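This briefing concerns helix packing and the nonpolar core of one structure. Please have the sequence and the coordinates at hand.

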Amino acid sequence: MTIEERLEILRAMSEETDEVILRAYLDLAGQKVIERAFPFKQDVKEVPDKYILNQIEIAVYLLNKRGAEGQTSHSENSISRSYESASVPSSMLKGIIPHGKVIR
């Protein structure tokens with residue numbers, strides 16, 4: 001999937017129209033996926049194809065919680081909010097299998 005296709009899906013899911021913001025959140029989400037998938041490699045720059053949807057979902061999550069980053073609890077007019085973590089919830093990353101190899 002191309003970056004433009006990812007941006008189009010992200011735009012539809014988040015209703016954000018500013019491409020600079022969309023790219024920033026997509027890049028941030030991509031970095032989170034790469035850090036999880038390749039914890040011991042610093043040279044990986046591209047999100048593997050099988051994790052592209054994870055990247056988009058994480059970007060949507062981060063976009064939707066703008067202005068309330070790190071919030072652990074909030075109640076107002078019968079609305080309650082809390083976040084699993086200050087960054088990306090571990091539940092969104094658990095499907096990403098860390099890559100490793102045997103050292104001899």
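How many residues does helix H2 have, and how far does helix H2 reach from its first C-alpha to its last? In this predicted model, H2 spans residues 19-37, which amounts to 19 residues. The distance from the first C-alpha to the last is 26 Å, close to the 27 Å expected at 1.5 Å a residue.

**Helix H2**

- At the start of H2, Asp18 places a side-chain oxygen within 2.9 Å of the backbone nitrogen of Val20.
- The buried residues in H2 are Leu22, Tyr25, Leu26, Ala29, Gly30, Val33, Ile34 and Ala37.
- H1 and helix H3 (52-64) are the elements against which the buried residues of H2 pack.

**Ser14 in helix H1**

- Ser14 lies in helix H1, which covers residues 3-14.
- Ser14 counts as buried because its relative accessibility is 16%, under the 20% cut-off.
- The side chain of Ser14 reaches the backbone oxygen of Leu10 at 2.8 Å.
- Leaving aside residues up to four places away in sequence, Ser14 touches Leu22 and Leu63.

**Nonpolar core**

- The largest nonpolar core comprises 24 residues, and Leu10 and Ile58 have the most contacts inside it.
- H1, H2 and H3 are the elements that give two or more residues to this core, and H3 gives the most, with 8 residues.
- Beyond four places in sequence, Ile58 touches Ala29, Val33, Val88, Met92 and Leu93.
- In soluble globular proteins, nonpolar side chains tend to be buried together.

Methods:
Residues are numbered from 1 along each chain as its sequence is written. This is a predicted model: local features need pLDDT of at least 70, side-chain atom pairs count only at pLDDT 80 or more; totals for chains, interfaces and linings use all residues. Side-chain values use heavy atoms; hydrogens and water are left out. Helices (H or I, at least four residues) and strands (E, at least two) are DSSP runs, numbered from the N terminus. Buried means under 20% relative accessible area, exposed over 50%, partly exposed in between (1.4 Å probe, protein chains only). A polar contact is a pair of N or O atoms within 3.5 Å; within protein, one must be able to donate a hydrogen and the other to accept it, and residues adjacent in sequence count only if both atoms are side-chain atoms. Contact means heavy atoms within 4.5 Å. The expected span of a helix is 1.5 Å times one less than its number of residues. A nonpolar core is a set of buried Ala, Val, Leu, Ile, Met, Phe, Trp, Tyr and Cys residues joined through side-chain atoms within 4.5 Å.
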